[in-house]
Amino acid sequence: MKRMILAVSLLLAGQASVFAQKSDIVKKGLNVGPLPVVAFDADKGFQLGGIVQLFDYGDGTSYPNYDSKWYLEASFFTKGSMLFQLMYDNKVLIPGVRWASAVSANIDKGMDFFGFNGYGTFYDQERIALGKSGQDYIFTPFYKVNRIQILAKTDFIGRITKHFKWELGYHAAYFKEGDIDYGNINKGKEEKQFFPEDQPTLYAYFRKWGLISDDEAYGGFVSSVRLGLTYDSRNKEGAPSKGIWAEGHLSLAPRWLGSKNEFYRYSFTFRHYLPIVKDDVLTFAYRLNYEGTIGNNAPYYILPYITVMGENCDKDGMGGFRNVRGVLRNRIVGLDMATYTAELRWRFVKFQLWKQNIALGLNLFSDGSMVTRGRDMTFRYDGTAADYADQKRLYDKYVPGGKEVPHVTFGAGFRFIMNENFIVAAEYGMPLTHFLKNSPHYNQDGTGAFYLNVGYLF
């Protein structure tokens, strides 16, 4: 064992030496990075699209950081879902101030909806498995909703000291949510796979049981101001290997500013990058995040989002590529949520090709999240007395209560890194519960997922 550790140490040290021998090409001007998007979802159909990132390095004095960046993403599903995102980030246009704006539109005919409070809502993985195996109709639409989401924001970030910065932004959003279109969901499936039109979805049950109020049920307009402070000592932004990046935010969405459903939220995020082997060969990075609600009320449709200021739009879905890889998207939703990410990042080769700086990397990770304060899930059905017992029985099945515990995942991934900023990421994550067959949480977070996207999570 000692010989193995010594051999690995010598290998990494040798790599660091090779990495250090040849300096990067200093990039200037424009640099483009494209990535195709191809996927399949039984409820949405085939997905086709692409991502394009355009970086402007100016005269190269800021490299490996860029002066400005454009991000464009467009994709279409064959059953009608569509996603468009446009983001712009500029560090030099306004002296001393970083300006970042973004707009996105997402028409989702099969958006995931797994209820609230994590394990406080039951995920019927046995019926999902039966549907996928062909022994029963496909049950996944039970956990779907129709959603139109339009986001727009503009943020300004200015320097207080070398590492401390202030943040100020305006964020607007429009949500339109409702039950699934059964005809669209069943389009292209064999008749035996159809999700029955007389089978309500979980969203419909939550409406009936009073867990989603009439005021918030169908979405609405959100108009909010965000304030923040950040400490940033990273050695570079796209793929940091040293430093700390910490942020604290307040999101204020009062009715007088135009929000249909008033709410106030806060978030804290701490990210730390620790070089184990210099020259970016081996880095340990971790992120701690807490998303909280001031008071006891916030519309359900804004709860899945991690607060973001800067170049990106808010990322929804506790469970998914940007937060808890391997857990079902939107599986973990509550008034307050705590999340961690830990990664070991290894660049095993670095070279120059076609005047571009290229590196290939592998990473091992563990993600986790849990609801620390949930929504009120009290049964409030006000239908007929004859139907009350049946509805209470279903409620007891799908809202079992019980103690929430962390949703933990493990996984590995590959990175293609060009010029430190265009980063193609391929990863696979699996929830710990998939291996706990005797646990009441067995497969309650799904069975794992593969992701193809761009960038590091943080």
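This is a predicted model: local features need pLDDT of at least 70, side-chain atom pairs count only at pLDDT 80 or more; totals for chains, interfaces and linings use all residues.

Q: How many salt bridges does the structure hold?

A: Side chains of opposite charge can pair when their charged atoms come close. In this structure there are 27 salt bridges.

Q: With which residue does Arg98 form a salt bridge whose closest N and O atoms are 2.6 Å apart?

A: That partner is Asp89, and both Arg98 and Asp89 are buried. Arg98 also meets the side chain of Glu237 in a salt bridge, at 2.9 Å from N to O. This second pair links distant parts of the chain, since Glu237 lies in the loop between strand 8 (219-232) and strand 9 (243-253), whereas Arg98 belongs to strand 5 (residues 97-112), 139 residues apart.

Q: Why is Glu237 counted as buried?

A: Residues under 20% relative accessible area are counted as buried. Glu237 is buried because its relative accessible area is 18%, and Arg98 is buried because its value is 16%.

Q: Which residues are linked with Arg325 in a network of salt bridges?

A: The network joins Arg325 with Glu343, Arg345, Asp367, Arg415 and Glu427. Within it, the side chains of Arg325 and Glu343 meet at 2.7 Å, N to O, and this pair connects the loop between strand 11 (282-293) and strand 12 (336-353), where Arg325 sits, to strand 12 itself, which holds Glu343, 18 residues apart. Arg325 and Glu343 are both buried.

Q: Which residues have the most contacts inside the largest nonpolar core?

A: In soluble globular proteins, nonpolar side chains tend to be buried together. The largest nonpolar core here has 60 residues, and those with the most contacts inside it are Phe113, Tyr143, Phe206 and Trp209. The largest share of this core, four residues, comes from helix 4 (residues 202-208). Apart from this core lies another, of eight residues, among them Trp245, Phe321, Tyr451 and Phe458.

Q: Against which helix do the buried residues of helix 5 pack?

A: They pack against helix 4, and the residues concerned are Gln391, Leu394, Tyr395 and Tyr398. Leaving aside neighbours within four places in sequence, Trp209 is in contact with residues including Gln391, Leu394, Tyr395 and Tyr398.

Q: How far does helix 5 reach from its first C-alpha to its last?

A: Helix 5 (residues 385-398), with 14 residues, reaches 20 Å, which is close to the 20 Å expected at 1.5 Å a residue.

Terms used: Residues are numbered from 1 along each chain as its sequence is written. Side-chain values use heavy atoms; hydrogens and water are left out. A salt bridge is a side-chain nitrogen of Lys or Arg within 4 Å of a carboxyl oxygen of Asp or Glu. Buried means under 20% relative accessible area, exposed over 50%, partly exposed in between (1.4 Å probe, protein chains only). Helices (H or I, at least four residues) and strands (E, at least two) are DSSP runs, numbered from the N terminus. A nonpolar core is a set of buried Ala, Val, Leu, Ile, Met, Phe, Trp, Tyr and Cys residues joined through side-chain atoms within 4.5 Å. Contact means heavy atoms within 4.5 Å. The expected span of a helix is 1.5 Å times one less than its number of residues.
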